Amino acid sequence: MVGLYDNQEDWHTAMQMGVANYGQMTAGGWMYIGPQGIVHGTFNTLLNAGRLKLGIPQYGDLRGRLFVSSGLGGMSGAQPKAAEMAGAAAIIAEVDLSRIETRHRQGWVGHVTDSLPEVFALTCEAMNNRTPVSVAYHGNVVDLLEFAVHNTIPIDLLSDQTYCHAAYEGGYCPVGLTFEERTRMLHEAPEEFRRRVDATLKRHFLAIKELADRGTYFFDYGNSFMKAVYDAGVPEIARNGSDKNGFIFPSYVEDIMGPELFDYGYGPFRWVCLSGKHEDLVKTDRAAMECIDPTRRGQDLDNYNWIRDAEKNNLVVGTQARILYQDTTGRMKIALRFNEMVRRGEVGPIMLGHDHHDVSGTDSPFRETANIKDGSNVMADMAVQCFAGNCARGMSLVALHNGGGVGIGKVINGGFGMVCDGSERVDEIFRSAMLWDVMGGVARRSWARNPHAMETSEEFNRTHSEGYHITMPYVADDELINRTLSSVAYNPLK
């Protein structure tokens, strides 16, 4: 949408008129695969949060640690599954009982209760026994957090996945209302609903702040929670009182996924077996696992374990699809391997792509570009270049669109869907476009002087010296600059 109209209200009008539709993130490339993608992303996020913030060893997991969040919807429903896979004890609050029942029936959450004492009793027992467990709390997350504050219950990792990008459209439930009361008020008294949302967001913020002061690590999980709190009239959540300066709590990309995954080129690579045969998915899982060296980095071991256990963890919802975080090297190996398998008739056609929440597919200062600190985090450089470069190199189903995750007007996404048909033509497209699709984002992060992205770019220049080169940033000597400036008398009138 044109910039002046790039907001939720005008988009909704355009949608009602039939001139716009909401691509979200993954569906923008026409290959939506359900919540599996966020299971893997959350699995990686939690493990790396534990290592960075809790002192978990590089190859350790979250046994004996407590993770608390909210939301058991289409994407947020991945949280209890991912937390158990990472070894944690997890509590996920949800006001909509039907969502809880769906996840419990799927086996994605282990226990269900509306009793706050029971919630913490279940997780305390699991933590003492160092066994993974997930508990759905049927109630409001604010009640849950205030209970933890009042009873001095320590929480290791804390996040939120309520639909705060649409807080006033029903994505966030005011405390004190049941889900049914929330739905009625939303339609019958929208102004009162808005007032109660704002009041609840303020209480939510105060509970998080108190827990953080006691040692809890809170991270925003890209659902516009902190922006919603700011918009609710809480300027203290923003640095220097303005949301343009960022927020006092980090986003998960800023603190975890950015430096530990995106800056290396690791992102949500994915595929769909177009035959619809589950046996094809099993074969691709095995082939992808054989392409990973688990001894190269800790991230590779996490991803190796993920794909090794994918079948056992029963992750498929809908299409016979898989997601697997990989860097440039891994994606190229897997893409060429899959196309060879199709050529030999071992499997049917396979569509490859990536979640637009990737190394280079998405620009949003509230999430994907949150760890880009050179001022360009508000520019859609990566998404547009990813889109244009993939088109030029022969990728198919290339998408460039608005919205997704953090909401209309706050993000631009770019991605592709490429079918492995077994042809040499597709091999050549992969050899060119797959590098562009990933390393364009790494280069952008390197130009922002992110250390791991600079390391990855330097390594790429060494290994791809014939035909490719990423321009490296010149990093200034801070001591020299400070010494030079201190020796010059500044006169603003000159």
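These questions and answers walk through a predicted model.

Visitor: Which residues have the most contacts inside the largest nonpolar core?
Guide: This is a predicted model, and its largest nonpolar core has 80 residues. Helix α15 (residues 424–447) gives the largest share of this core, nine residues. The residues with the most contacts inside the core are Trp271, Phe338 and Leu352.

Visitor: How many residues does the other core have, the one with Phe225 in it?
Guide: This core lies apart from the largest one. Among its members are Ala89, Leu145, Ile153 and Phe225. In soluble globular proteins, nonpolar side chains tend to be buried together.

Visitor: Which residues is phenylalanine 338 in contact with, beyond four places in sequence?
Guide: Phe338 is among the residues with the most contacts inside the largest core. Neighbours within four places in sequence are left aside here. Its contacts are then Trp271, Thr284, Ala287, Ala288, Ile350, Leu352 and Cys420.

Visitor: Which residue is the bridge partner of tryptophan 271 in β9?
Guide: Start with the strands. β7 and strand β9 (residues 350–354) run antiparallel, joined by five bridges. In β9, tryptophan 271 has as its bridge partner leucine 352.

Visitor: Which residue in β8 is the bridge partner of arginine 270?
Guide: β7 also pairs with β8, in the antiparallel sense. Six bridges link these two strands. Arginine 270 has its partner in β8, and that partner is isoleucine 323.

Visitor: How many residues of strand β7 are buried?
Guide: Strand β7 covers residues 267–273. Buried means under 20% relative accessible area. The strand is mostly covered, with a buried count of seven of its seven residues.

Visitor: Which strands stand at the edges of the open sheet of six?
Guide: The sheet has parallel pairing and the order β3-β4-β2-β1-β5-β6. An edge strand here has a single partner strand, so one side is left without a neighbour in the sheet. That describes β3 (111–113) and β6.

Visitor: What is the bridge partner of leucine 66 in β2?
Guide: Strand β1 (residues 66–70) pairs with strand β2 (residues 89–94) in the parallel sense. Five bridges hold the pairing. Leucine 66 has its partner in β2: alanine 89.

Visitor: Is serine 224 buried or exposed?
Guide: Serine 224 sits in the loop between β6 (217–218) and α9 (225–231). Its phi is positive, about 65°, although it is not a glycine. Its relative accessible area is 5%, and the cut-off is under 20%, so serine 224 is buried.

Visitor: What is the phi of asparagine 314?
Guide: Asparagine 314 lies in the loop between α12 (298–309) and β8 (321–326). This residue is not a glycine, yet its phi is positive. The value is about 50°.

Visitor: Is leucine 4 buried or exposed?
Guide: Leucine 4 lies in the segment before α1 (8–16). With Met1, Val2 and Tyr5, Leu4 forms a nonpolar patch on the surface, of about 450 Å² accessible area together. Exposed means over 50%, and leucine 4 has 67% relative accessibility, so leucine 4 counts as exposed.

Visitor: How far apart in space are glutamate 188 and isoleucine 155?
Guide: Glutamate 188 is in helix α7 (residues 179–188). At 64% relative accessibility, glutamate 188 counts as exposed. In sequence, glutamate 188 and isoleucine 155 are 33 residues apart. In space, C-alpha to C-alpha, the distance is 38 Å.

Key:
Residues numbered from 1 in each chain as written. Predicted model: local features only at pLDDT ≥ 70, side-chain atom pairs only at ≥ 80, totals over all residues. Heavy atoms only, no water. Helix = DSSP H or I, 4+ residues; strand = E, 2+ residues; numbered from the N terminus. Buried < 20%, exposed > 50% of the residue type's maximum accessible area, 1.4 Å probe, protein only. Core = buried A, V, L, I, M, F, W, Y, C linked by side-chain atoms within 4.5 Å. Contact = heavy atoms within 4.5 Å. Patch = residues over 30% accessible without salt bridge, like charges linked within 9 Å, V, L, I, M, F, W, Y side chains within 5 Å. Areas by Shrake-Rupley, 256 points an atom, 1.4 Å probe, with all protein chains shown as cover. Salt bridge = Lys/Arg side-chain N within 4 Å of Asp/Glu carboxyl O. Pairing = 2+ DSSP bridges.
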